[in-house]
Amino acid sequence: MLRQRLAAPFFQPSPGIPRRFLVFVAALSSRQQARLARYRHLPTLSEHDLALESNPSDHPRASTIFLSKSQTDVREKRKSNHINHVSPGQLTKKYSSCSTIFIDDSTVSQPNLRSTIKCVTLAIYYHIKNRDSDRSLDIFDEKSHPLTREEVPDDYCKHDPDHKHIYRFVRTLFSAAQLTAECAIVTLVYLERLLTYAEIDICPSNWKRIVLGAILLASKVWDDQAVWNVDYCQILKDITVEDMNEMERHFLELLQFNINVPASVYAKYYFDLRSLADDNNLCFLLEPLSKERAQKLEAISRLCEDKYKDLSKAAMRRSFSADNLVGIHRSNAILS
């Protein structure tokens, strides 16, 4: 019983405990943690919990993995442009002026589909290119579970796919299944969550099946009219329903059935994707603000203002009615 009690506990994070102390505690043995918890009355925390605490797919303040992986290439591009005195995008990028205002139709609530898919596939490209190793699982290996009847070459795991190849694969699935741009962002969230939870890497041998599994799960969670596994078998005609079901089951188990995507995490991924696009000169489509579009934006603004005024009036009525309540006995405050 004593041995089980010493082996079980790990320190859990608490608002009153400094993170530096938690990192120190995680390095202790289970016996030392139990002894420390007994004297300080603190819960326990494992190294795995510390890793999940900084997981960007769960916590809005943690930096996204794809953006950090792209920074190496971005710095090299900027250094090369500085040496060669080149300003990328200077002639093609549009800027607002006093006479013309350029806006795009992509917002956090309604992202542009084409631009979002390009950004998501660019994030996947950087994941593959700047990976640390080739850790993988058999369920995602394309040699063990091919997506087509064509023979997989022996060197299939040695050649990194380029961005266009990844984009065509994802665009085909989204076009055939009629998926939304929001689903693409959730796909990236699930992909990074899988890599963190399962401690694997996305590489040439598994990227197609990992992306397919993330899209499959995101479409079922996000879209009201979900695409069934048999529908994906009609898109990828050589894959079987049994294989799709097995891959989906493994994907969920590796995610520990955590399919929740908070609004704050979703917004963080959206804006980081826009930052990624800006760093790689992948601009969202800009159009000059026309008179008709300006009137539409003004109408939406007025509608929001009227709704806010109605809410404010309702709040004032509730406050006024509460002040007129009688028969409420209030106890005197005691100051010590």
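In which helix is the place of E246? E246 belongs to helix 11, which covers residues 241-254. The model is predicted: local features need pLDDT of at least 70, side-chain atom pairs count only at pLDDT 80 or more, and totals for chains, interfaces and linings use all residues. Residues are numbered from 1 along each chain as its sequence is written, and side-chain values use heavy atoms, with hydrogens and water left out.

**Overall composition**

- The protein chain contains 13 helices and 2 strands; helices (H or I, at least four residues) and strands (E, at least two) are DSSP runs, numbered from the N terminus.
- Of the 336 residues in the protein chain, 36% are buried; buried means under 20% relative accessible area, exposed over 50%, and partly exposed in between (1.4 Å probe, protein chains only).
- Among contacts between residues at least 6 apart in sequence, 79% join residues at least 24 apart, where contact means heavy atoms within 4.5 Å.

- Helix 8 spans residues 181-198, which is 18 residues, and reaches 26 Å from its first C-alpha to its last.
- That reach is close to the 26 Å expected at 1.5 Å a residue, the expected span being 1.5 Å times one less than the number of residues.
- Because 17 of its 18 residues are buried, helix 8 is largely enclosed by the rest of the structure.
- Q178 sits in the loop between helix 7 (163-177) and helix 8, and its phi is near 55°, a positive value in a residue other than glycine.
- With 71% relative accessibility, Q178 counts as exposed.

**Crossing of helices 6 and 12**

- The axes of helix 6 (residues 113-129) and helix 12 (residues 263-279) come within 9 Å and cross at roughly 75°; axes are lines fitted to C-alpha atoms, for helices over the stretch in contact, and angles run from 0 to 180 degrees between N-to-C directions.
- Helix 6 is therefore roughly perpendicular to helix 12, a term for angles of 65 to 115 degrees.
- On helix 6 the contact is made by C119, V120, L122, A123 and Y126, and on helix 12 by L273, L276 and A277.

**Residue pairs separated in sequence**

- E246 and I139 are 107 residues apart in sequence, while their C-alpha atoms are 8.2 Å apart in space.
- E246 counts as partly exposed, at 32% relative accessibility.
- T172, in helix 7, is 64 residues from L236 in sequence and 9.8 Å from L236 in space, C-alpha to C-alpha.
- T172 counts as partly exposed, at 44% relative accessibility.

**Cysteines**

- A search of the whole structure finds 0 disulfides, a disulfide being a pair of cysteine sulfur atoms within 2.5 Å.
- The closest cysteine sulfur to that of C157 is in C203, 7.9 Å away, which is too far for a bond.
- C157 counts as partly exposed at 34% relative accessibility, whereas C233 counts as buried at 10%.

Definitions and conventions: Parallel < 35°, antiparallel > 145°, perpendicular 65-115°, else oblique.
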